[in-house]
Amino acid sequence: MEDLKKRKMDEAIINGSAETLTTQDYLRSLLDPLNKPQLVDLLSRLGSQYPSIAEEIKSLASADPVHRKLFVRGLAWNTTSETLCAEFRMHGEIEEGSVIYDKATGKSRGYGFITYKHMESAQSALGAPSKLIDGRMAVCNLACEGLTGATTTPDLTQRKLYIGGLSPEISSEMLLHFFGRYGEIEEGSVAYNKDTNESRGFGFVTYKTVEAAKKAIDDPHKLLGGRTITVKLADTHKSKTVQMQSPAPMVPVPVPMAAAGYVQPGKAPVGSGTPVGYPYHQTVASYPASSYPNPPVAPAPYPTQSQVSYAPVSAKKELLGLSSTPPVGMGGYPYYYPKQ
């Protein structure tokens, strides 16, 4: 009796597993044709209704480093990996963090990466993306968003300013403190030479709002470090620099031609005005005779000599048996012997 009950229970478990497996396959066949936006919408609605599904989604997302890895740009050339990790450790436990260095020169490339152990720590750091590290305003975003990150917005060109004419003594802290009076700054720093770490005399400031950037541009009092500085949109300055460096394009100029081709003699050209081009027959005015005198006659190079007379050849003809006096034929014309 007990064996029969045990056998029935085993059969029920097997049948239940088979039914579950069949249900999963059926649901997979329904979900497979759906695109990504549809699946995201479906899971978000299910997660908001069922807490167990929400926890499962969070667990899967936290296991993927794409939600925990941050890209940090705008670092100073002297910022080390230890300094970078120390600034971001306030948001949570860091799994990995480092500054990227150039393999050839061994110098910093101005950016780095931070990977948190938990997704919530990364979200906390993204809540305050701008941090002042070693005198420069660094900005972070999710590494999966690329090098530019979330700051690539349509109004970025209206929020980023170019600051020119800076004194060599002006640091990034002084620059940010001066322009902080107009609004909240997202990022900004003085441009430094990578080799000497000296100021290049200009910098950039990006505000969080367009209104703050307009205030900074419209304020006529721009005196920093004893110098009058230049403030304008960075996109305008970049376009002007590229235009000055680029050679002017060569534009082909069309040469006008006569409508009727060559001008025929005795006929006026088609259209009004002087015909363009060379006519086929063109009358040329003659030059006056007095303009060019005749060239002088060159003198004879040698003196004229008299003709030399030679002795007659009658003696030679007598030796050959011929008469020295040629015979006379009919009509009084001389008669010549044929050659022998």
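Which backbone oxygen does the side chain of Arg159 reach? Hi everyone, let's find out together. This is a predicted model, where local features need pLDDT of at least 70, side-chain atom pairs count only at pLDDT 80 or more, and totals for chains, interfaces and linings use all residues. Residues are numbered from 1 along each chain as its sequence is written, and side-chain values use heavy atoms, with hydrogens and water left out.

So, to Arg159. Its side chain reaches the backbone oxygen of Tyr207, at 2.6 Å. Arg159 sits in helix α6, residues 156-159; helices here are DSSP runs of H or I with at least four residues, strands are runs of E with at least two, and both are numbered from the N terminus. Arg159 counts as buried because its relative accessibility is 4%, and buried means under 20% relative accessible area, with a 1.4 Å probe and protein chains only.

Next comes strand β6, residues 160-164, where four of the five residues are buried. β6 runs antiparallel to β8, residues 199-207, with five bridges joining them; strands pair if DSSP finds at least two bridges between them. Lys160 has Thr206 as its bridge partner in β8. Four bridges also join β6 to β11, residues 230-233, again antiparallel, and there Leu161 stands opposite Leu233.

Finally, the core. The largest nonpolar core has 22 residues, and Leu161, Ile163 and Tyr207 are among those with the most contacts inside it. Such a core is a set of buried Ala, Val, Leu, Ile, Met, Phe, Trp, Tyr and Cys residues joined through side-chain atoms within 4.5 Å. Helix α7 gives the most to this core, with four residues.

Definitions and conventions: Buried means under 20% relative accessible area, exposed over 50%, partly exposed in between (1.4 Å probe, protein chains only). A polar contact is a pair of N or O atoms within 3.5 Å; within protein, one must be able to donate a hydrogen and the other to accept it, and residues adjacent in sequence count only if both atoms are side-chain atoms.
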